[in-house]
Amino acid sequence: LPTLVSLLLISASTTVTARPCVAFDSNWNLLAFNLDGKDWNAGTQDTWTGSGKASDITTTGRPSFNSANTTCFLSQYTNSVYVLNGDSSNPSAVYIYDAANQTWSTQSVTTGSFDPSSFDAILDHDTNVFYALSHDTLFHLDMGSLTTANSTALSWVDSETAPYPSNYQPVMALAQNHIHFLDVPGVPAGSADIFVIHYSYFQPEAQAYPLPNGSAFPATYGQATSFFQPSDVQQEFAFIPQDSSAVYVINVETNTTQALAGPTYKDPEATYFASITALVQLTSNGTVSFLPYQEGNTSVNAAATWTPVSVLASAAPPSTATASSTATGTKGGPSSTGTSSGSNGA
């Protein structure tokens, strides 16, 4: 018969830690979901380090954020935030936050052969279509122009078999309507494989993005997120290796890379989201920091430093389990089972 101790151990082993996420709306207000159990609007970048507090935007209809792999994406044209893996009881659903009206709705989704427990995804800017690599297959999910869920279920569609082994743990980034795959087996450091979305085509050769001194960003697992433009497609994305040693900004127009300061918190489970002028880090203990960024201004970017978003810390203090000051550097961080290392926006 089970003892009280064994029952407690079973309960502890099946408990899922809540996973917050950050995103922006189309007016570049920083949104933090499920920090200290609530949702917050930290305002625009010029207010993040002030003495005030973020605004509480918690409302009904929100997901429970009880999945360990919750990921948020900005649909820039619709001013909506799409949440994948927002609720462990309904892992296939897409939760939609209408930022203009501050309302939530739940879009039902048919998965077919898509595995919602194992994938990485990006949201394409122009088409508002998710592309996800699950095992060795590329899938897509068309969100149309949804700001509110409709009554008809959407479907993950099997696009094609990817040229990668089924155990490849993808690192995906979006720029110029191309999906960039990093840390691909056999692809050298400083290079990425490319999938051209509008032609549904994997380029046969990897593209190199060297640093000015001839060095390269490492061929390793990490997180990636795109810098937005005011209205057009993204042209740059940030890659942060899991050891948090640096931030690499890849420009697909010039095929170059710039190395910037690594995050203050070396947390292998941290997630990232970029606006036009900032890269935001959310650590596993709820600490939110940002690195200011100016596209094309290499000298200013090289001198930039990470700063806490104090208005969020005042409203939702991080947990006492401080984010690690040194990363483990091993795979299996936040994108190992269903969350996204890829570009969180369209």
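Which residues does F33 touch, not counting residues up to four places away in sequence? In this predicted model, F33 touches P20, C21, A23, K38, D39, F65, C72, V81, Y97 and W104. Contact means heavy atoms within 4.5 Å. Residues are numbered from 1 along each chain as its sequence is written. Because the model is predicted, local features need pLDDT of at least 70 and side-chain atom pairs count only at pLDDT 80 or more, while totals for chains, interfaces and linings use all residues; side-chain values use heavy atoms, without hydrogens and water.

F33 also belongs to the largest nonpolar core, which has 37 residues. Such a core is a set of buried Ala, Val, Leu, Ile, Met, Phe, Trp, Tyr and Cys residues joined through side-chain atoms within 4.5 Å. Buried means under 20% relative accessible area (1.4 Å probe, protein chains only). L30, F33, W48, V288, V309 and L312 have the most contacts inside this core. Strand β2 (30-35) and helix α3 (310-315) are among the elements that each supply at least two residues. Strands are DSSP runs of E, at least two residues; helices are runs of H or I, at least four. β2 gives the most, with five residues.

The structure holds one disulfide, a pair of cysteine sulfur atoms within 2.5 Å. C21 and C72 form this disulfide, with their sulfur atoms 1.9 Å apart. C21 lies in strand β1 and C72 in strand β5, so the pair ties together parts 51 residues apart in sequence. C21 is buried, at 4% relative accessible area. C72 is buried too, at 2%.

Methods
Buried < 20%, exposed > 50% of the residue type's maximum accessible area, 1.4 Å probe, protein only.
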